[in-house]
Amino acid sequence: GGLYSTSIDNVALDGHYFACGERASLLLLIKTDNSYSLSSYLTLSFTLHPRLKTASVFNNCAKSMNDREGNYCRGNYNSVNVGFDTTSTVTQIKFSRLTKQSSIVFRLDFYIDCNGGATTQPALVLNGYQQDKGGLVSVDLRVPFAGVNAILNCNDTNPCTVDSVAGSGCTRYCTNTPISCGEGNKCTSNECVDGKCTYKPIVCDDGIDCTVDSCDSRYGCVHTEDSCCDSDYCTVDKCEAGVGCVHSPLDCGDDNPCTIETCDSKRGCIVRPNCCCDEDEC
């Protein structure tokens, strides 16, 4: 009480239009005539290409206006239930409640698994169908898999890149963008390791004893000059790069021969008059 056929001669699933991990969908139109024997459920058995893995199946008539307007959905299509039989060791879908003189479209979704072998076998073979627990009625409907070696594989095996596909049709190409670990903090060294971002504090030590080294998340390392004061009023204290604190003697000279200059560590420069007496009373 039914019929099956390919919708277009030489139709094929073409790998040129797919990339690893993407969805590939096949539409299956089923029609019954007046001789169809009503059953509790109908089972379709498939063989899939190694690069196709089942994702989902649903009643496309219940979702697609195009199928309904194209007169592909007739009879009680809206009440038909369908799903993959996960208890079977082969790929099967089961559907129920289909009545006589009805037609329905099922959408079978698969994802491209590039771990599967690139063999030349068909994308899908509908081996046959069975009503309830009856025997399998052979069908052998095949959908070829063209260009299986042309499937775009953007996996660069680097866990620290985001692999994606750009372009369209036969001009598609891969992009492998490094994972951005930037968090706007200039006090950390950011890198991706095994697919995870790591954040290590940067070292701001400038090797100078007389600077206070710190880090500002907005600007990075900050080196603030520390006090080199030795509380000695007879030294000039300063911080020199690469050396540290330097305490140079204070020059108290005033270039006046009539004064004597000394320095007291607690008072600083002391200037006294120089005695000009020649002990000559005349």
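**Notes on the predicted chain**

1. The chain carries 22 positive and 36 negative side chains, and 31 Å separates the centres of the two sets. Lys and Arg are counted as positive and Asp and Glu as negative, leaving out His and the chain ends; each charge is placed at NZ of Lys, CZ of Arg, CG of Asp or CD of Glu.

2. The model is predicted: local features require pLDDT of at least 70 and side-chain atom pairs pLDDT 80 or more, while totals for chains, interfaces and linings use all residues. Residues are numbered from 1 along each chain as its sequence is written, and side-chain values use heavy atoms, without hydrogens and water.

3. Along the principal axes, the C-alpha atoms fill a box of roughly 160 × 35 × 35 Å. The radius of gyration of the chain, taken over C-alpha atoms, is 43 Å, whereas a compact globule of 282 residues would have one near 19 Å. That globule value follows a rule of 2.2 Å times the number of residues to the power 0.38.

4. Of the 282 residues, 30% are buried, that is, under 20% relative accessible area with a 1.4 Å probe, protein chains only.

5. One aromatic pair is present. The ring centres of Phe-95 and Phe-106 lie 5.0 Å apart with planes at 55 degrees, so the pair is tilted (centres within 6.5 Å; planes under 30 degrees apart are stacked, over 60 edge-to-face, the rest tilted). Phe-95 is buried at 2% relative accessible area, and Phe-106 is buried at 0%.

Terms used
Buried < 20%, exposed > 50% of the residue type's maximum accessible area, 1.4 Å probe, protein only. Phe/Tyr/Trp six-rings, centres within 6.5 Å; stacked < 30°, edge-to-face > 60°.
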